[in-house]
Amino acid sequence: MASVDIRDVRKSFGSTAIIHGVSVPIADGEFVVLVGPSGCGKSTLLRMIAGLENITGGEIAIGDRVVNNVPPKERDIAMVFQNYALYPHMTVAANMGFSLKLRNADQSEIDAKVKRAAEILNLGALLDRFPRQLSGGQRQRVAMGRAIVRDPQVFLFDEPLSNLDAKLRVAMRTEIKELHQRLKTTTVYVTHDQIEAMTMADKIVVMHDGIVEQMGAPLDLYDNPINLFVAGFIGSPAMNFLRGKIDGQSFVLEGGARLPLGTAPAASAGTPAIYGIRPEHFLIDNEAGAEAEVVVVEPTGSEIQVVARLDGQEVIAVFRERHDFRPGDKIRLATDRRVTHLFDAQSGKTLARH
């Protein structure tokens, strides 16, 4: 195992800059998730760690060694891809042990390491099958087993669950997290799915347009986003953003409705701002709430999601309680001032969280 230190890394394709001075420290044994929308640079950064892309500027160190000019095969990393990349003419056992065979390892060593990986991943009964005889989840486990037998310093995962159905993604998410807890190998995992990031990571790195917007523990990013992008990207359904202005201990929406604030920034009265509230932090309050009109009701079983129009702006509210709402109903929505967010209307940076 080893730490990974990404220091002011830059990447350009010709005159087009893709990564703009990214720095990410990854501790030995840490599970770090790079998350962001398509085109943000997360997969490119992962490929630079692997040595599959050249680095335009900055340094990447694995352990105590700077690996900028080290070939991929000498970096002591193992990568799991989105498309599994299994050899169709080889059995599961042969696929898992192929990298060791290329190193001219003894067959007894190969068999022992393949058996150990198969036990970890519950693949013992499948070692004589071919990839075409496996389900998607089984193929992904074989790809992970191939990485495990190499006993690398660092695991790299490039959106490994994207090809799986929703139920299997949840199951594989748990398996990968359990695998990390057992092996304690430093892991860098790329995904565009923020639910994967929240549930799996020790540390999340949120990327956007080739820069790091924020990094930290999952719940820290959820509770304390530093700007509108992070606030809107982390969380599902996404945080609601309402436009208006600050008025003492209240936030006045553009249509005149008032929502509570904690302590507003000094000398901010009348300042245009954006009020952030997560869907699960809305309350029904028939006395103090602001009137909203129900647009769509989406029951999921464990909760009810309500799309409503609040003072001319659309919001999503989530309730754990059962409500018999119908489109067109008038409801009164209140918020808890302790869990509201306030953002600058121009820069999008956080002004205050209460």
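**Entry 1: F229 and its surroundings**

I started at F229, which is found in helix α8, residues 228–233. I kept in mind throughout that this is a predicted model. I asked which residues F229 touches, not counting those up to four places away in sequence. The list is P37, V206, M207, H208 and E213. I then checked M207 by distance. F229 and M207 are 22 residues apart in sequence, and their C-alpha atoms are 9.7 Å apart in space.

Next I looked at the rings. F229 forms an aromatic pair with F233. The centres are 5.7 Å apart and the planes are at 15°, and the pair is stacked. Both residues belong to helix α8; being four residues apart there, they are separated by about one helical turn. Is F233 buried or exposed? Its relative accessibility is 17%, so F233 counts as buried, the cut-off being under 20%.

**Entry 2: Other aromatic pairs and charges over rings**

I searched the whole structure for aromatic pairs and got eight. I picked out Y87 and F98. Their ring centres are 5.0 Å apart and their planes stand at 65°, so I noted the pair as edge-to-face. This pair links distant parts of the chain, 11 residues apart. Y87 is in the loop between β6 (77–80) and α2, and F98 is in helix α2 itself. At 34% relative accessibility, Y87 counts as partly exposed.

I also noted one aromatic cluster, made up of F31, F155, F157 and Y189.

Then I turned to charges. Where does the charged end of K11 sit? It is over the ring of F13, 4.7 Å from the ring centre. R278 has its charged end over the ring of Y222, 3.8 Å from the centre.

**Entry 3: Helix α2**

Helix α2 covers residues 92–102. Which of its residues are buried? They are V92, N95, M96, G97, S99 and L100. I checked what these buried residues pack against, and found α3 (107–121) and α4 (136–149). After the helix comes N104, with a positive phi near 65°.

**Entry 4: The four-stranded sheet**

I moved to the sheets. Four strands form an open antiparallel sheet, in the order β2-β1-β4-β5. The edges are β2 (16–26) and β5 (65–66), each pairing on one side only. Inside the sheet I followed β1 (residues 4–13) and β4 (residues 57–62). These two pair in the antiparallel sense over five bridges. V4 stands opposite I62 in β4.

I asked which strands helix α1 lies across. Helix α1 (residues 42–50) lies across β1, β2 and β4, and runs at about 115° to β1.

**Entry 5: The five-stranded sheet**

Another open sheet has five strands, in the order β15-β19-β16-β17-β18, again with antiparallel pairing. Its edge strands are β15 (282–284) and β18, each pairing on one side only.

I took the pairings in turn. β16 (residues 290–299) and β19 (residues 330–335) pair antiparallel over four bridges. E293 has K330 in β19 as its bridge partner. β17 (residues 304–310) and β18 pair antiparallel over seven bridges. There, V306 stands opposite A317 in β18. The hairpin of β17 and β18 has two residues between the strands, and in it D311 takes a positive phi near 55°.

β18 is an edge strand, and I wanted to know how many of its residues are buried. Five of the seven (residues 313–319) are, so β18 is largely enclosed by the rest of the structure.

**Entry 6: The record**

Last, I opened the UniProt record. It places the feature "domain: ABC transporter" (unreviewed entry) at residues 4–234. I compared that span with the model. The end C-alpha atoms of residues 4–234 lie 24 Å apart. The span is 37% helix and 26% strand.

Note on methods:
Residues numbered from 1 in each chain as written. Predicted model: local features only at pLDDT ≥ 70, side-chain atom pairs only at ≥ 80, totals over all residues. Heavy atoms only, no water. Buried < 20%, exposed > 50% of the residue type's maximum accessible area, 1.4 Å probe, protein only. Pairing = 2+ DSSP bridges. Contact = heavy atoms within 4.5 Å. UniProt positions renumbered as here; feature names shortened; annotations may be inferred. Phe/Tyr/Trp six-rings, centres within 6.5 Å; stacked < 30°, edge-to-face > 60°. Lys NZ or Arg CZ within 6 Å of the ring centre and 35° of its normal. Axes fitted to C-alpha atoms, helices over the stretch in contact; angles between N-to-C directions.
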